[in-house]
Amino acid sequence: MTIEHHPSEDFLARFAAGRLDQAEHIVIAAHATMCPRCRRFVAAFERLGGRALEAAEPVALAADAFDRVMTRIGQASPPPAVSKPLRAGEAGLPEWLSHYEIGPVRRVAPGVSMRPIVLPAGGKSRAFLLMSAPGTRMLEHTHTENELTCVLQGSFSHQGGRFGPGDFDLGDHSVDHQPVVGPEEPCVCLVAMTGKLRINGFLGRLIEPFIRL
Ligand SMILES: [Zn+2]
């Protein structure tokens, strides 16, 4: 596997510090499990963070700090339910995804379907698997906010290059692209999306209300 497209150092640093939204976190995690280069960066960043903590001067806590933490833990969303392992034959899905509950398949457009990944409520972005048939030409679109993608199987190409297994792609409002799925096999991507797709052109504005991702 040759990975050519990586998350920015800013994303990796926020991943290492646990500061990403959960949907975004699992897309970066998917990339990191396949990319030794980014794993090294994350490990180095974590070591740096640990040393900074060790070097920090101890600070006296408020008298009620423990109670406040316990109250917050009590208010936290429950962890995602553990579903049955994914069925054999669902090729391209990494083992660790079986720890998440994955919703039913929903058709999005001709040749394109999705399965939502069930995450605790309250996150700003949502995560889903996007499955596209070989050769599918997606509608030209842009994004109102961020879209993080990690390819799990197959490939797609757009103006930014070719994206194969392990590759990471970031779409935002500045990117206007029309991905085409590679002809070799179905493409399966793990996607974290904040905001909405904007389909370009007159036809796009007509059908946009019907595309729910
Ligand atoms: Zn990488």
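Residues are classed by relative accessible area as buried (under 20%), exposed (over 50%) or partly exposed (in between), with a 1.4 Å probe and protein chains only. The structure is a predicted model, in which local features need pLDDT of at least 70 and side-chain atom pairs count only at pLDDT 80 or more, whereas totals for chains, interfaces and linings use all residues. Residues are numbered from 1 along each chain as its sequence is written, and side-chain values use heavy atoms, with hydrogens and water left out.

A zinc ion is coordinated by His6 through ND1, His31 through NE2, Cys35 through SG and Cys38 through SG, at 2.0 to 2.3 Å. Donors are N, O and S atoms within 2.8 Å of the metal (3.2 Å for Na, K and Ca); water is not among the atoms, so sites may look incomplete. The 4 donor atoms subtend angles of 100 to 116° around the zinc ion, and the arrangement is therefore tetrahedral. Four donors count as tetrahedral if all angles lie between 85 and 135 degrees; four count as square planar and six as octahedral if opposite donors are over 155 degrees apart and all others between 65 and 115, and anything else is irregular. Ideal angles at a metal are 109.5 degrees for four tetrahedral donors. Along the sequence, the donor residues of the zinc ion follow the spacing H-x24-H-x3-C-x2-C.

Salt bridges were examined next. A salt bridge is defined as a side-chain nitrogen of Lys or Arg within 4 Å of a carboxyl oxygen of Asp or Glu, and a search of the whole structure finds 3 of them. Secondary-structure elements are DSSP runs numbered from the N terminus: helices (H or I) have at least four residues and strands (E) at least two. Arg14 forms a salt bridge with Asp10, with 3.3 Å between the closest N and O atoms. Both residues belong to helix 1 (residues 9-16), where Arg14 and Asp10 are 4 residues apart, about one turn of the helix. Arg14 is partly exposed at 28% relative accessible area, as is Asp10 at 46%. The buried residues of helix 1 are Phe11, Leu12, Ala13, Phe15 and Ala16. Gly18, with a positive phi near 70°, follows helix 1.

In another salt bridge, Lys124 pairs with Glu24, again with the closest N and O atoms 3.3 Å apart. Lys124 lies in the loop between strand 3 (112-118) and strand 4 (126-132) and Glu24 in helix 2 (residues 22-34), so this pair ties together parts that are 100 residues apart in sequence. Lys124 is exposed, at 52% relative accessible area, whereas Glu24 is buried, at 3%. Arg162 and Glu184 also form a salt bridge, at 3.6 Å from N to O. Because Arg162 lies in strand 8 (residues 161-163) and Glu184 in the loop between strand 10 (180-181) and strand 11 (187-193), the pair ties together parts that are 22 residues apart in sequence. Arg162 is partly exposed at 48%, and Glu184 is partly exposed at 43%.

Strand 6 (residues 147-153) has 7 of its 7 residues buried, so strand 6 is largely enclosed by the rest of the structure. Strands are taken to pair if DSSP finds at least two bridges between them. Strand 6 runs antiparallel to strand 9 (residues 168-171), to which 4 bridges join it; Cys150 stands opposite Phe168 of strand 9. With strand 11, strand 6 pairs in the antiparallel sense over 6 bridges, and Thr149 stands opposite Val191 of strand 11.
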